[in-house]
Amino acid sequence: SLMLFSTSQAFSKEPFNSVQELFAAMSAFDYSKMKTIVTDDFQLLEAGEVWNIDTLINVIKTVDKPYKRQNYFNLIKVVTYNNMIWLSYWNKAIIIKPNETSERAWLESVVLFHENDTWKLQMMHSTRVLIENIPKEVIFEEYVNNR
């Protein structure tokens, strides 16, 4: 039980880890885990549309499988206000299907709310960007989920 406690303590100190865990859960098709990482009123502004977590899950369910998604991030800025944080980051995915590999990227921001000793995503804004338009100084780090 002590191990679980220390893990949750470490998690609560890393708001960006919640963002990375959301994408790891998406990549693992772990829809129940996705719901635990966001607030009940989670809102995603995705390419000019207003989504909630169920919309996001339904989109993932319709994607051609099998595929593997590798997630890469570059954190731009973090601003803290009491029990809320907003942050911005570059997001890149390498999607590997049996017959093709593709690379996609987004410029994103999230608002996280501290709830029950974890950081939960309350709002996300995602803008698709062309790989060649990402500034050359942006260095991506792969996020590998350790569960």
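Helix H2 has 13 residues, and at 1.5 Å a residue it should span 18 Å; the C-alpha atoms at its ends are 19 Å apart, so the two values agree. This is a predicted model, and the figures here are computed from its coordinates. Of the 13 residues of H2, 13 are buried, so the helix is largely enclosed by the rest of the structure. Just after H2, Phe 29 has a positive phi of about 55°.

Phe 16 forms an edge-to-face pair with Phe 73, with 5.6 Å between the ring centres and 90° between the planes. Phe 16 belongs to H2 (residues 15-27) and Phe 73 to strand S3 (residues 68-81), so the pair ties together parts that lie 57 residues apart in sequence. The cut-off for buried is under 20% relative accessible area. The two also belong to one aromatic cluster, which is made up of Phe 16, Phe 23, Phe 73 and Tyr 89. In total, the model has five aromatic pairs.

S3 runs antiparallel to strand S4 (residues 84-96), and 13 bridges join them. Within this pairing, Val 78 stands opposite Leu 87 of S4. The hairpin of S3 and S4 has two residues between the strands, and Asn 82 in this hairpin takes a positive phi near 50°. S3 also pairs with strand S7 (residues 141-143), again in the antiparallel sense, over three bridges. Here Tyr 72 has Glu 142 of S7 as its bridge partner.

Tyr 72 has a further contact, this time with a charged residue. Lys 92 lies over the face of the Tyr 72 ring, at 5.2 Å from the ring centre.

How confident is the prediction, and what pLDDT does the protein average? The average pLDDT is 89, and 90% of the residues score at least 70. Residues 1-13 have a pLDDT below 50, and this stretch has 11 contacts in the model beyond near neighbours in sequence.

Note on methods
Residues numbered from 1 in each chain as written. Predicted model: local features only at pLDDT ≥ 70, side-chain atom pairs only at ≥ 80, totals over all residues. Heavy atoms only, no water. Phe/Tyr/Trp six-rings, centres within 6.5 Å; stacked < 30°, edge-to-face > 60°. Helix = DSSP H or I, 4+ residues; strand = E, 2+ residues; numbered from the N terminus. Lys NZ or Arg CZ within 6 Å of the ring centre and 35° of its normal. pLDDT = per-residue confidence, 0-100. Contact = heavy atoms within 4.5 Å. Pairing = 2+ DSSP bridges. Expected span 1.5 Å × (residues − 1). Buried < 20%, exposed > 50% of the residue type's maximum accessible area, 1.4 Å probe, protein only.
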